[in-house]
Amino acid sequence: APPAAAAAVAAAGATVEGAAAGGEDVEVTFEDFRNKFRSRVAEMEDKRLFMVLVCSALHKFGSPTHHSESLCESVSRVLGVPSSYTVFPSRLILSFHSSAGMLASLPADTRQFVLEPTIDLDKLGQVNDLVLAIIDGLPFPEARKKLAELLACNSGYSSRVTVAAHALTSASVAMLLFRCSYVETLVCLCGGTVV
């Protein structure tokens, strides 16, 4: 390969193996470079989509905004996805920055989502555990598979059981902690059902 082409490929982040070791010329074709570039761009897009799903899952299942932002930024650093996150009670703003090196042509991208948060502490705990496992070194393909399984499975409790639990919890707190009368406890029971 011409020295200029090999230097351009090396500067773009591709590895030219053997050239430095034996002093031999290594032929690096444009096809090889393009295929490697495409696979790395696809991998980065896959990681960006994964980050969207992680942030959405944390928000959807009831994670506090500051906690969601902190966890997403940590996972982004581990995965090598330069990005920043802003989480509001009903809106997510994810900004992916352009990468250096070979992927410099992958454009910066800002995505905004309007989500209605719910509270599912069981799923939130599972997503939290998955995020902490990623930070501790869980490989990306395995993490992606686990997240897909987690999002595909239904919640452990039906909506009727959840509504009944909210109502009984509200009434119990009113009666036991605040020593409310039966009428006030009934009002709290109704309020817990609505919430």
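**Close-up views of a predicted model**

**View 1. Salt bridge between D109 and R111.** D109 forms a salt bridge with R111, and their closest N and O atoms lie 2.6 Å apart in this model, which is predicted. With a relative accessible area of 24%, D109 is partly exposed. The count of salt bridges comes to seven.

**View 2. Salt bridge between E31 and R34 in helix α3.** The side chains of R34 and E31 meet in a salt bridge of 2.3 Å from N to O, and because the two are three residues apart in helix α3 (residues 30-60), about one helical turn separates them. R34 counts as partly exposed at 27% relative accessibility, and E31 is also partly exposed, at 38%.

**View 3. Salt bridge between E142 and K146 in helix α6.** Here the side chains of E142 and K146 meet at 3.8 Å, N to O, and both residues lie in helix α6 (residues 140-152), four residues apart, which is about one turn of the helix. Elsewhere, salt bridges that share partners join E45, R48, D109 and R111 into one network.

View 4. Helix α7 (residues 159-176) has 18 residues and reaches 25 Å from its first C-alpha to its last, close to the expected 26 Å. Its buried residues are A167, A171 and A174; they cover an arc of only 65° around the axis, so they lie on the same side of α7. These buried residues pack against α8 (182-194), whereas the face turned away from them carries the exposed residues L168 and L176.

**View 5. A nonpolar patch on the surface.** V173, M175, L176, L177, F178 and Y182 form this patch, with about 720 Å² of accessible area together, and α7 gives the most to it, with three residues. F178 sits in the loop between α7 and α8 and counts as exposed at 61% relative accessibility.

Terms used: Residues numbered from 1 in each chain as written. Predicted model: local features only at pLDDT ≥ 70, side-chain atom pairs only at ≥ 80, totals over all residues. Heavy atoms only, no water. Expected span 1.5 Å × (residues − 1). Buried < 20%, exposed > 50% of the residue type's maximum accessible area, 1.4 Å probe, protein only. Arc of directions from axis to C-beta. Contact = heavy atoms within 4.5 Å. Patch = residues over 30% accessible without salt bridge, like charges linked within 9 Å, V, L, I, M, F, W, Y side chains within 5 Å. Areas by Shrake-Rupley, 256 points an atom, 1.4 Å probe, with all protein chains shown as cover. Salt bridge = Lys/Arg side-chain N within 4 Å of Asp/Glu carboxyl O.
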